[in-house]
Amino acid sequence: MFSCDYHIHTQLSGCADNEFSIEKIIQIQQERGIEAIGITDHDYSYQSKVKRIQAAREAIKEADPSIEVHFGVESQMLEYQVTSINIRLASYFDYVLMAPNHYHLRGVAQPRSFRDPRRVALHEIYMFEAAIACPITDAVVHPFLLSPDVFQFSTDELTAFAQEMMRNIEQKRLIYQLDLASQRGLGIEISPKMARYNQHHLIEFYQLCLERDVKLLIGSDAHNAKQLEELSLLTPILEELGITDEHLWHPRA
Ligand SMILES: [Zn+2]
Ligand SMILES: [Zn+2]
């Protein structure tokens, strides 16, 4: 029923598996019966070279897919009104996924403390607001999802910390942003990472997204073939949330 995945990295992203090519991804997803996918490498993978972007688009065409294959990019907010990609480069892609919390990357503004849930909450909402306000954003990926690589807590500690962080997000401020996202037709990503990292605090956030009429983008954020399968971790969560096709975000054709 939920047969789309709009956040997939290829070997072009340095952090992805070396063998994870566009051709391989398309082949796997066709065999699995997925209907629509999006190839979304990190913007820096192209080193600002239009030729490299065009070559990737060409590779999709040459793979001659029998499923819908969109061509997007993952960028990040560095701070308010400052993105890692510029408007000209962004225009070469079908859509831009904007990450508000890529704290592991150079130039991304960081919370004053990674050990104080209140500070992290203040920073997360600030970066979320920045991503929503950014004119080139089509969807915001993994908001309020805390990466174990950055926070360096045990899984249980991170679960508890993330819950405490979410309690410190001011609801009115969050709802205002979700209403803006809804008006602009921006997607918010729902990712199997929340299951992988036990981040239950996100359930309430997704519920709020649905209440405010924000469309959810399904994205595995896969960096290898195994992670493509992890999308199935979302099935019980999507059922619990009562998500149907009308709640889902899709790239414009
Ligand atoms: Zn990301
Ligand atoms: Zn990603």
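Biologist: Which residue in β3 is the bridge partner of Asp41?
Modeller: Val73 in β3 is the bridge partner of Asp41. Strands here are DSSP runs of E with at least two residues, helices are runs of H or I with at least four, and both are numbered from the N terminus.

Biologist: What sort of model is this?
Modeller: This is a predicted model, where local features need pLDDT of at least 70, side-chain atom pairs count only at pLDDT 80 or more, and totals for chains, interfaces and linings use all residues. Residues are numbered from 1 along each chain as its sequence is written, while chains are lettered from A and ligands numbered from 1 in the order in which they are written.

Biologist: Back to β2 and β3. How many bridges join β2 to β3?
Modeller: There are 7 bridges between β2 and strand β3 (residues 68-79), and the two run parallel. Strands pair if DSSP finds at least two bridges between them.

Biologist: And what do β2, α2 and β3 make?
Modeller: A right-handed β-α-β unit. Right-handed means that, with the strands pointing away from the viewer, the path from the first strand over the helix to the second runs clockwise.

Biologist: What about β1, α1 and β2?
Modeller: β1, helix α1 (residues 22-32) and β2 also make a right-handed β-α-β unit. β1 pairs with strand β2 (residues 36-42) in the parallel sense, over 3 bridges. Cys4 stands opposite Ala36 in β2. Asp5 has Ile37 of β2 as its bridge partner.

Biologist: How many residues of strand β1 are buried?
Modeller: 5 of the 5 residues of β1 (residues 4-8) are buried, so the strand is largely enclosed by the rest of the structure. Buried means 20 or more other C-beta atoms within 10 Å of a residue's own; exposed means 12 or fewer; partly exposed is in between; C-beta atoms are placed from the backbone. In β2, 6 of the 7 residues are buried, so β2 is largely enclosed too.

Biologist: How far apart are the end C-alpha atoms of helix α2?
Modeller: They are 18 Å apart in α2 (residues 50-62), which agrees with the 18 Å that its 13 residues should span at 1.5 Å a residue. The expected span is 1.5 Å times one less than the number of residues. Asp64 follows α2 and has a positive phi, near 50°.

Biologist: New topic. Which way do the residues of strand β7 point?
Modeller: Gly187 and Glu189 point one way from β7 (residues 187-190), Ile188 and Ile190 the other, and all are buried.

Biologist: How many bridges join β7 to strand β8?
Modeller: 4 bridges join β7 to β8 (residues 215-218), in parallel. Leu216 in β8 is the bridge partner of Ile188. Strand β6 (residues 139-140) is joined to β7 by 2 bridges and also runs parallel to β7. Ala139 is opposite Gly187 of β7.

Biologist: Which residues touch the most other members of the largest nonpolar core?
Modeller: Met98, Ala131, Ala139 and Val140, out of 60 residues in that core. The largest share of this core, 6 residues, is from helix α4 (residues 117-133). A nonpolar core is a set of buried Ala, Val, Leu, Ile, Met, Phe, Trp, Tyr and Cys residues joined through C-beta atoms within 7 Å.

Biologist: What is Met98 in contact with?
Modeller: Leaving aside neighbours within four places in sequence, its contacts include Ala131, Cys134 and Val140. Contact means C-beta atoms, placed from the backbone, within 7 Å.

Biologist: Is His142 buried or exposed?
Modeller: His142 counts as buried, with 24 C-beta neighbours inside 10 Å. His142 lies in the loop between β6 and α5 (148-151). Its phi is positive, about 35°, although His142 is not a glycine.

Biologist: And Gln152, buried or exposed?
Modeller: Gln152 is exposed, with 11 other C-beta atoms within 10 Å. Gln152 sits in the loop between α5 and α6 (155-167), and its phi is positive as well, near 55°.

Biologist: Last one, the whole chain. How many helices and strands are there?
Modeller: The chain has 11 helices and 8 strands. Its radius of gyration is 17 Å, close to the 18 Å from the globule rule for 253 residues, so the chain is as compact as a globular protein of that length. That radius is taken over C-alpha atoms, and the rule is 2.2 Å times the number of residues to the power 0.38. The C-alpha trace spans about 50 × 35 × 35 Å along its principal axes.

Terms used:
Two residues are in contact if their C-beta atoms, placed from the backbone, lie within 7 Å.
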